[in-house]
Amino acid sequence: MGNQFKSKMKAGSRSPVAAIAPRIARLWFAMMGVGGFGFGLLALKRPFGEDFFLHPLVLFCISVGVALLILRFVLARPVPDIIPERPLILGCLLGLAAFLLGNWIAAHVLMLR
């Protein structure tokens, strides 16, 4: 499917997604960082319950997956065409690191228990 799109483009022209790819990657990194940090601040209190699927890290991962599915169906394009694979993985790792940072700040700095 991606090859058909590329073959219709003129030589030397950039795809519309490639033109705004740095902006999309920055937005992806920002959303993952803020979301991970926010869920990390909540993790110590366990506001949703004690079940495994209600742990804030699991809910964060589920919400990221649902957001990527919504993005895929709304734009009717595969996610790697919108957010390349490397920034996608780096954003997920950034979200995990931000979650751990938020959890550490909640436990040791703010002492939210």
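**Close-up views of a predicted helical chain**

**View 1. Surroundings of phenylalanine 60.** Leaving aside residues up to four places away in sequence, phenylalanine 60 touches Met32, Gly35, Gly36, Phe39 and Gly95; a contact means heavy atoms within 4.5 Å. The model is predicted, so local features need pLDDT of at least 70 and side-chain atom pairs count only at pLDDT 80 or more, while totals for chains, interfaces and linings use all residues. Residues are numbered from 1 along each chain as its sequence is written, and side-chain values use heavy atoms, with hydrogens and water left out.

**View 2. The chain as a whole.** The chain has six helices and zero strands, in the order α-α-α-α-α-α along the sequence. Helices (H or I, at least four residues) and strands (E, at least two) are DSSP runs, numbered from the N terminus. Of the contacts in the chain with a separation of 6 or more, 69% are between residues 24 or more positions apart. Buried residues make up 26% of the 113 residues; buried means under 20% relative accessible area, exposed over 50%, and partly exposed in between (1.4 Å probe, protein chains only).

**View 3. The largest nonpolar core.** Ile24, Trp28, Met32, Phe60, Val64, Leu68, Val79, Ile82, Ile83 and Leu88 form this core of 10 residues. At least two of its residues come from each of α3 (21-43), α4 (56-75) and α5 (79-82). A nonpolar core is a set of buried Ala, Val, Leu, Ile, Met, Phe, Trp, Tyr and Cys residues joined through side-chain atoms within 4.5 Å.

**View 4. The largest pocket.** The lining consists of Ile24, Leu27, Trp28, Met31, Met32, Phe60, Ser63, Val64, Ala67, Leu68, Leu71 and Ile83. The elements that give two or more residues to this lining are α3 and α4, and α4 supplies the largest share, six residues. A pocket is an open set of points on a 1 Å grid over the protein atoms alone, where a 1.4 Å probe fits, with protein on both sides within 12 Å along at least five of seven lines; lining residues have an atom within 4 Å of a point.
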